[in-house]
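Look over the sequence and the structure first, then read the points below by topic.

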Amino acid sequence: MKKIMMSGVIAYAVVLLAPELVQAQGAMTYLSDLDQDSAGSLAVGSDSWLAVGFNTGTNSSGDTLNSIQLRMADASGTPSGFTAMLYTAFNGQRPVPGSSLGTLDGSLNPTTAGIYTFTLASNLTLRGQYFIVLTAGTTVANGAYEWSYAGANSYNPSGGWLSQGGVWTFSNGSFDSPFTFTAFPSQFAINATPIPEPGVLGLFGFGGLAFLWDRRKAMAG
């Protein structure tokens with residue numbers, strides 16, 4: 001009888017929680033304009049930090065970042081020390097990068113035109129507003145990496161995600177320094193895996209498990 005009751009508990013859990021287990025699978029592309037033709041590029045250098053903001057969507061549990069993809073154009077000169085980072089947002093008089101969440105792993109020298117993929121070394125749950133920040137170890141006068149931008153602000157958003165649709169350019173790593181803002185839609189994509197939200201069905205399932213477990217103990221006594 002004990003074995004039958006335990007089998008029932010396991011089967012009950014699998015059936016009721018299956019939809020949430022399915023929801024936990026699979027990465028999604030939430031923002032992307034990589035399919036558009038490049039309309040130009042913006043220089044990346046030690047004296048030309050570029051920052052692009054985006055907002056995550058409606059999933060209250062957040063999303064696990066899988067990768068960030070950037071479309072780069074051919075570099076000019078001989079740049080070096082390319083660095084891509086992810087920052088939180090500081091919302092003061094204007095939204096600017098706040099604190100660094102880490103350097104993204106990927107190509108350190110994206111000098112030829114193409115799409116480059118970058119990842120964080122550790123898992124990160126995205127929930128809120130963030131900035132992609134690019135810089136390099138050389139000044140623009142000595143050579144610059146070039147971040148492509150599209151001709152139209154169309155990122156094919158899904159899940160309530162939003163690109164801020166423009167590029168902040170800072171002369172150095174201090175985001176309180178003089179800056180310019182251009183409405184060029186830089187070309188990037190955000191790939192992430194949604195974290196399942198606690199569903200009513202799942203909560204009901206756990207309640208049912210508790211009921212069956214208490215009944216099993218009562219019968220055993």
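Two strands pair if DSSP finds at least two bridges between them. Helices (H or I, at least four residues) and strands (E, at least two) are DSSP runs, numbered from the N terminus. By these rules S12 and S13 run antiparallel and are joined by four bridges.

The model is predicted: local features need pLDDT of at least 70, side-chain atom pairs count only at pLDDT 80 or more, and totals for chains, interfaces and linings use all residues. Residues are numbered from 1 along each chain as its sequence is written, and side-chain values use heavy atoms, with hydrogens and water left out.

**Confidence**

- The chain has an average pLDDT (the predictor's confidence in each residue, from 0 to 100) of 84, and 77% of the residues score at least 70.
- Confidence in the chain is highest in strand S7 (residues 114-118), at a mean of 98, and lowest in helix H1 (residues 2-23), at 44.
- Over residues 1-23 pLDDT stays under 50. For this stretch the model has 31 contacts (heavy atoms within 4.5 Å) beyond four places in sequence.

- Buried means under 20% relative accessible area, exposed over 50%, and partly exposed in between (1.4 Å probe, protein chains only).

**Aromatic pairs**

- Rings of Phe, Tyr and Trp (its six-membered ring) pair if their centres lie within 6.5 Å; planes under 30 degrees apart count as stacked, over 60 as edge-to-face and the rest as tilted.
- The count by this rule comes to 13 aromatic pairs.
- One of them is tilted because the rings of Trp-168 and Phe-181 have planes at 55 degrees, with centres 4.9 Å apart.
- Trp-168 lies in strand S12 (residues 167-170) and Phe-181 in strand S13 (residues 179-182), so this pair ties together parts that are 13 residues apart in sequence.
- Phe-170 and Phe-179 form a tilted pair, 6.1 Å centre to centre with 35 degrees between the planes.
- Trp-168 is buried at a relative accessible area of 10%, whereas Phe-181 is partly exposed at 43%.
- Likewise, Phe-170 is buried at 1%, whereas Phe-179 is partly exposed at 35%.
- One aromatic cluster is formed by Trp-49, Tyr-87, Trp-168, Phe-170, Phe-175, Phe-179 and Phe-181.

**Strand S4 and its partners**

- Strand S4 (residues 63-77) pairs with strand S8 (residues 125-126) over two bridges, in the antiparallel sense. Here Thr-64 stands opposite Thr-125 in S8.
- S4 also pairs with strand S14 (residues 188-194), antiparallel, over seven bridges. In this pairing Thr-64 stands opposite Thr-193 in S14.
- With S7, S4 has five bridges in the antiparallel sense. Gly-114 in S7 is the bridge partner of Met-72.
- With S10, S4 has four bridges in the antiparallel sense. Met-72 stands opposite Trp-147 in S10.

- Gln-187 lies in the loop between S13 and S14, and counts as buried because its relative accessibility is 0%.
- A polar atom of the Gln-187 side chain lies 3.0 Å from the backbone oxygen of Gln-36.
- Leaving aside neighbours within four places in sequence, Gln-187 is in contact with residues including Asp-33, Leu-34, Gln-36, Gln-69, Arg-71, Trp-147 and Tyr-149.
- Gln-129 lies in strand S9 (residues 129-135), and is buried with a relative accessible area of 18%.
- Not counting residues up to four places away in sequence, Gln-129 touches several residues, among them Phe-54, Asn-55, Thr-88, Pro-95 and Gln-164.

**Asn-156**

- Asn-156 lies in the loop between strand S10 (143-150) and strand S11 (162-163).
- Asn-156 has a positive phi of about 50 degrees, although it is not a glycine.
- With a relative accessibility of 46%, Asn-156 counts as partly exposed.

Methods
A polar contact is a pair of N or O atoms within 3.5 Å; within protein, one must be able to donate a hydrogen and the other to accept it, and residues adjacent in sequence count only if both atoms are side-chain atoms.
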